[in-house]
Amino acid sequence: MNERETLKINKSGHLEIGGADTVELASRFGTPLYVFDEDYIRKMMRIYRRTLDDKYSGNGTVLYASKAFSCMAIYKIAQSEGLGVDVVSGGELYTAIKAGFPASKICMHGNNKLIKELTFALDNRVGLIVVDSCREADIIDKLAGERNFKQNVLIRINPGVEAHTHAYIQTARTDSKFGFAVADGAAEDITKYVLSKNNINLRGYHCHIGSQIFEKQSFVLAAQKVIDFMSEMKTKLGFEADTLNIGGGFGVWYTDEDPKLKPEDYSGYLCALIDAIKNKSAEHGLRLPHLMLEPGRSIVGEAGITLYTVGAIKDIPGIRKYVAIDGGMFDNPRYALYQSKYTVILANRASEECTEKVSVSGKCCESGDLIAVGVPLPRAESGDILAVLTTGAYNYSMASNYNRNFVPPAVLVKDGKAEYIVRPQTYEDLIRNDEIPDRLK
Ligand code: LLP
């Protein structure tokens, strides 16, 4: 097992997270269960914030990309660590505001923000909106005018950097539903357009080159290209951006095929970016922009695990052994969507040697409902507790009620103690919004 800061094996041979015995967590809260280590989350938030403070004179903001994991408690943690947040829907914005998160420190994204979402954002005076279409600029201008203020915005641009990751999560190519490409002049055109709006205050640019990326050079190149573009806009249009948001995307460890970075190593990514930004800005004679970054996965990914109970085991001799769990694609759709790889552990027998390779299948009525394929495990038995590691990002946030299964609850562990941050659903929750029209009664 790849021993990580947040995980240990205790004397009983049980997996521990943040000092809590996972077998006890499974018996107290039931399974499936998302478990988050609060210290790890805070440590990651601090690493980014301190690096900006120390290496960029504090002229920056870390925005936690809450699409990775959104619930009221995580916004509280982000707030107490001095972070801002990035939201991508009315729902994330509502959750943040209900948690008491200051709207002025919220940055709103989305390639197709709805009028009602933008209205909600302006009514609450969110700090920044990242403009992703001309239509959106029109809507923001109108809404801000009606409210007698100027909305601060960034423009999302595509610097044309390809990040080495799964094709579905590359977002900064010219062929992307997000943003305005630099290459075909769209980024320049939208800059002129937004500058012509009376009720919009253009602060600068945003770019996000993809997710689960380990190549420092991809980030550096993207930042350099955006600054080249900023310089071009200053020369051509007399517009000097004062804010640069370089998005998120730092990779995390899922299996030993991935580099295992320590929280501190992520500071190195940011330092490389900061150096590139300082050098490029100096080269062009630009003043240093306020720097924003939007890490999501690297803050919560490795902080979270999911606990399941093993149920049916199906051995097809010479073909494959399926170990079925009480969860599946409804709590973690990432294998089904991206063939993502995970490390799995028998949490109640964590020090036992792995003797076979199995496929971990879910309980949905769908053959593709798998969590991990061909992974090493000790001989699993019904009733064993199975832990899937690095499920803190894009698991709960992508969960569904498919097959009318429950989205599992989540607990937050601090000093060995666990508390709910998302309560379990009930059958009643599943039918809460259902209606039977009279003619069917
Ligand atoms: N900022 C923007 C504008 C983004 O689109 C994203 C992620 C982030 C920040 C945060 O990126 P991170 O640091 O988490 O890599 N569902 C996929 C991931 C989609 C990422 C979408 N955007 C997955 O499960 O791998």
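Modeller: Let's begin with the cysteines. Counting two cysteine sulfur atoms within 2.5 Å as a disulfide, you get zero disulfides here. A disulfide is a covalent bond between the sulfur atoms of two cysteines. Take Cys364: its closest cysteine sulfur is in Cys365, 7.4 Å away, so that's too far for a bond. Cys364 is buried because its relative accessibility is 8%, while Cys354, at 42%, counts as partly exposed. (Buried is under 20% relative accessible area, exposed is over 50%, and partly exposed is in between, using a 1.4 Å probe and protein chains only.)

A quick word on the ground rules. This is a predicted model, where local features need pLDDT of at least 70, side-chain atom pairs count only at pLDDT 80 or more, and totals for chains, interfaces and linings use all residues. Residues are numbered from 1 along each chain as its sequence is written, and side-chain values use heavy atoms, with hydrogens and water left out.

Now for the part I'd zoom in on: the ligand. The chain splits into domain 1 (7-30 + 304-431) and domain 2 (38-300), with bounds from an automatic or database domain assignment. Both domains give residues to the shell around the ligand, so the ligand lies between them. The domain centres, taken over C-alpha atoms, are 32 Å apart, yet 21 residues of domain 1 are in contact with 20 residues of domain 2, contact being heavy atoms within 4.5 Å.

Who's around the ligand? There are 19 residues, and Ser211, Glu294, Arg297, Arg334 and Tyr394 come nearest; to be near, a residue needs a heavy atom within 4 Å. The shell has six nonpolar, seven polar and six charged residues; Gly counts as polar, and Asp, Glu, Lys and Arg as charged.

Next, some N or O atom pairs within 3.5 Å, known as polar contacts. Arg334 has a polar side-chain atom 2.6 Å from a ligand oxygen. For Gly249, a polar backbone atom is 2.8 Å from a ligand oxygen, and for Lys67, a polar side-chain atom is 3.4 Å from one. On its own the ligand has 580 Å² of accessible area, and the protein covers 92% of that, by the Shrake-Rupley method with a 1.4 Å probe.

Terms used
Polar contact = N/O pair within 3.5 Å; in protein donor to acceptor, adjacent residues only side chain to side chain.
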